[in-house]
Amino acid sequence: MNKEPIDIVITWVNPKDKEWEKEFLFYKKKYVGESNEVSNHESRYRDLDTLKYVFRSIEKNAKFIRNVYLVLAYESQIPEWLDVNNEQLKIIYHRDIIDKKYLPTFNSRTIEFNICNIDGLSNNFILSNDDMFFIKETDESDCFIDDLPVDYVKQRFNNPYRYNVNSEFRQTINNNLKLIEEITGIKTDYNYSHVFCMYNKDFTQWVLEKYPIIKKKSCTKFRNPTNYTHWLLKDLRIVAGKYVEKPVISRSINIAKLDIDITKELRIQLESKFLCLNDTEIVEDFINKKKITIFILNSLFPEKSKFEK
């Protein structure tokens, strides 16, 4: 039983916004070199048009959610279909939570390490992106038990990234592992999956205040190899024993793997409660993969939610 309510935070960027695009191109030319071009690939920003389905999945399958916080760069990022007058919806801008010396930022890690600065955010919160969905009816005990985040550590061993640094992303994972070892003396070897992450705000704030190097190295304009990822916070709470172990079936699928066999794909996905349909730089034929993604999501969530006009 949880005493605290549960909120969800969704970070999102609207690449069709001309104001955002102008700033993005200006700063990318200034800051992004060949060494981190892949980590700032267009797949980090292009829109699959899936955000409305995130809201539909929350309304249909995660009724325990109190507030939905949508984090945007500025007002021009608000999608046209979104009902901003919905009382459950709270729109947060980067300037509300991120020190102006880091703005504008095009690095999701900068945003994620400042989520705890959201005014009014519950101590129990779920961190999400626009590619994560509740595809089966979910109980709050699938996310928090006795106000502690739920995790399934046994699913997360045999990390393929340790000592295998051939990309910026893998370097940041190793940064996480090395810092955890420095702080705790423990060599962690967790695996990672791009799905919902459950956090306690108080523990997260404590870590970030005690170890300012995390923000110092991660709050950058664009992704780079010095960054940590927010999974560092997840792993530190696991090492500290601040979680409840419970198997919750989740699945992350790269949209590059989606094919026209929709029936097979839907059957695989419906085994899970949590689903991520992830876009990456390896995706070819993006337009076709996007159509398949939308077909799948519209099959799961055909009806508009109260978050839509």
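Student: How many salt bridges does a search of the whole structure find?

Tutor: Side chains of opposite charge can pair when their charged atoms come close. A salt bridge here is a side-chain nitrogen of Lys or Arg within 4 Å of a carboxyl oxygen of Asp or Glu. The search finds eleven. This is a predicted model, in which local features need pLDDT of at least 70 and side-chain atom pairs count only at pLDDT 80 or more, while totals for chains, interfaces and linings use all residues. Residues are numbered from 1 along each chain as its sequence is written, and side-chain values use heavy atoms, leaving out hydrogens and water.

Student: Which parts of the chain does the pair of Arg56 and Glu308 link?

Tutor: Their side chains meet at 2.8 Å, N to O. Arg56 is in helix H2 and Glu308 in the segment after H10, 252 residues apart. Helices are DSSP runs of H or I with at least four residues, strands are E runs with at least two, and both are numbered from the N terminus. Arg56 is buried at 8% relative accessibility, and Glu308 is buried at 9%. Buried means under 20% relative accessible area, exposed over 50%, and partly exposed in between (1.4 Å probe, protein chains only).

Student: With which residue does Asp142 form a salt bridge at 2.7 Å?

Tutor: That partner is Lys273. Asp142 lies in the loop between S5 and S6 and Lys273 in the loop between helix H9 (262–269) and S11, so the pair ties together parts 131 residues apart in sequence. Asp142 also meets Lys246 in a salt bridge, at 3.0 Å, N to O. Asp142 is buried at 5%, whereas Lys246 is partly exposed at 23% and Lys273 is partly exposed at 24%.

Student: How many residues does the largest nonpolar core have?

Tutor: In soluble globular proteins, nonpolar side chains tend to be buried together. A nonpolar core is a set of buried Ala, Val, Leu, Ile, Met, Phe, Trp, Tyr and Cys residues joined through side-chain atoms within 4.5 Å. The largest one has 44 residues, and Ile65 and Ile126 have the most contacts inside it. Among the elements that each supply at least two residues of this core are strand S1 (6–11) and helix H10 (286–300).

Student: Is Ser128 buried or exposed?

Tutor: Ser128 is buried, with a relative accessible area of 1%. Ser128 lies in strand S4 (residues 124–128). Leaving aside residues up to four places away in sequence, Ser128 touches Ile8, Val9, Ile10, Thr11 and Phe196, where contact means heavy atoms within 4.5 Å.
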